[in-house]
Amino acid sequence: MKPKKVVVIGGGAAGFFGAISCARFNPEAEITLLEKSNKFLSKVKVSGGGRCNVTNGCFDINLLLKGYPRGGKVLKYTFQQFSVKDTIGWFESRGAELKQEEDGRIFPQSDNSQTIIDCLIREARVMGVKLMEGFGTKSIRKNETGGFSIQLFGGESLYCDEILIATGGNPNQESYQWLKDLGHEIKEPVPSLFTFNVPDSPFRDLQGISVPLAKVRVTGSKLEETGPVLITHWGLSGPAVLRLSAWGARELAQEQYRFIAHVNWISGNEESLRSTLSEIKLLHPKKTVIGHPFFNLPRRLWERICELSDISTGLKWVDMPKKNMNKLLENLLRSEFGVKGKTTFKEEFVTCGGVSLDSIDIHTMESKSCPGLFFAGEVLDIDGITGGYNFQAAWSTGFVAGKSIAEK
């Protein structure tokens with residue numbers, strides 16, 4: 001019996017994991033991995049600021065699923081097959097020691113993404129996967145006699161029994177046309193995980209200042225997130241903003257990334273803040289308002305909020321007029337930002353949308369319209385918030401797809 005021939009299209013996290021998984025469960029299979037660029041695992045390289053956020057230390061599947069705006073129904077099954085614990089064990093058993101940080105993110109001990117890249121490439125080679133860089137796929141044709149013909153941009157053709165598509169996300173609708181031609185429904189792709197551009201921000205010269213617990217809300221919507229917020233020279237960033245962009249990816253795209261955001265710098269409510277400000281006024285009547293920051297806010301941020309509340313340098317709490325007190329309360333609870341556009345988070349990008357999950361068998365990752373074709377990773381309509389969620393989805397879907405191909 002001839003060995004099974006498998007082609008994996010896409011040399012990223014999901015593609016490598018799928019190829020390795022397939023080789024593990026069918027050692028006789030001939031597996032070729034194609035990457036159109038001249039560099040394997042380029043997204044792994046830049047992720048986590050070059051450190052590679054491998055996964056998230058959340059071991060409860062139901063809690064883990066709360067980190068995915070889209071894709072939960074597939075991931076619930078795939079996480080049962082290959083979990084966070086499995087990911088950690090897989091890398092550490094192959095010499096890539098990991099560590100968990102306080103916020104739950106898991107990185108290599110080396111703090112260098114190259115550790116993860118080297119581990120995956122080494123394992124793929126050990127398992128006999130043929131790695132081909134600089135080979136882009138032009139088209140796929142299903143043969144009448146079975147299997148597939150793959151036409152490459154260089155003019156070469158490949159023939160195989162099964163294909164794993166792991167090409168990643170792309171905000172360009174046209175990049176999915178070849179998959180649409182094979183009968184797959186495509187959910188419109190739009191960017192996720194982006195920061196907010198605020199060209200007229202009164203805080204822009206405070207770049208680098210962060211608040212560990214702030215609340216960001218998009219007016220006229222239900223979008224709201226609490227967490228660290230970072231002021232940048234172009235606007236707003238930080239985990240709270242990035243999570244908001246993920247959950248609101250479609251809604252904010254429809255607004256063409258023009259909307260009003262409010263930041264509550266203390267994440268408290270109006271009633272308690274009014275009471276606290278009155279108490280401060282009683283306890284510290286002789287202190288200047290602007291010169292003594294409260295609520296653990298950075299000094300320069302407190303000063304700017306006071307300036308925006310028309311509080312002069314020498315004004316003391318005892319002399320604070322009611323109108324200024326109200327302005328201070330408003331600016332602490334609802335600093336207004338006119339967002340006009342978005343910026344990709346560092347060099348990372350994540351796409352909301354892709355191949356509809358209705359187009360695949362969620363137990364095997366196989367296409368319903370084109371048997372023998374499988375999917376893994378972000379090419380699917382699956383995406384997570386920051387914190388290792390997207391890589392965990394890649395490892396898990398890659399594992400299940402590779403195993404399914406091997407056993408088909």
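Colleague: Why does Phe399 count as buried?

Modeller: This is a predicted model, and the values are computed from it. Phe399 has 9% relative accessibility. The cut-off for buried is under 20%, so Phe399 counts as buried.

Colleague: What makes Phe25 partly exposed?

Modeller: Its relative accessibility is 27%. Buried requires under 20% and exposed requires over 50%, so Phe25 falls in between and counts as partly exposed.

Colleague: Why is the pair of Phe25 and Phe399 called edge-to-face?

Modeller: The search of the whole structure finds 21 aromatic pairs. In the pair of Phe25 and Phe399, the ring centres are 5.7 Å apart and the planes stand at 80°. Pairing needs centres within 6.5 Å, and edge-to-face needs planes over 60 degrees apart, so the pair is edge-to-face. Phe25 belongs to helix H1 and Phe399 to helix H13, so the pair ties together parts 374 residues apart in sequence. Both rings also belong to a cluster linked by ring pairs, which includes Trp90 and Trp395.

Colleague: What makes the pair of Tyr68 and Tyr389 edge-to-face?

Modeller: The centres of these rings are 5.5 Å apart and their planes are at 85°. With the cut-off at over 60 degrees, the pair is edge-to-face. Tyr68 lies in the loop between helix H3 and helix H4, while Tyr389 lies in helix H13. Tyr68 and Tyr389 are buried.

Colleague: How do you know that the charged end of Lys403 sits over the ring of Phe25?

Modeller: The charged end of Lys403 is 5.3 Å from the centre of the Phe25 ring. The distance limit is 6 Å, and the charge must also be within 35 degrees of the ring normal. Lys403 is listed as sitting over the ring. Lys342 lies over the face of Tyr257, at 5.0 Å from the ring centre.

Colleague: Why does Asn296 count as exposed?

Modeller: Its relative accessibility is 80%. Exposed means over 50%, so Asn296 counts as exposed. Asn296 lies in the loop between helix H10 and helix H11, and its phi is positive, near 60°. Most residues other than glycine have a negative phi.

Colleague: Why is one side of strand E7 left without a neighbour in its sheet?

Modeller: The sheet is open, with the order E7-E8-E9 and antiparallel pairing. Strand E7 and strand E9 stand at the edges with a single partner strand each, so one side of each has no neighbour in the sheet.

Conventions
Residues numbered from 1 in each chain as written. Predicted model: local features only at pLDDT ≥ 70, side-chain atom pairs only at ≥ 80, totals over all residues. Heavy atoms only, no water. Pairing = 2+ DSSP bridges. Helix = DSSP H or I, 4+ residues; strand = E, 2+ residues; numbered from the N terminus. Buried < 20%, exposed > 50% of the residue type's maximum accessible area, 1.4 Å probe, protein only. Phe/Tyr/Trp six-rings, centres within 6.5 Å; stacked < 30°, edge-to-face > 60°.
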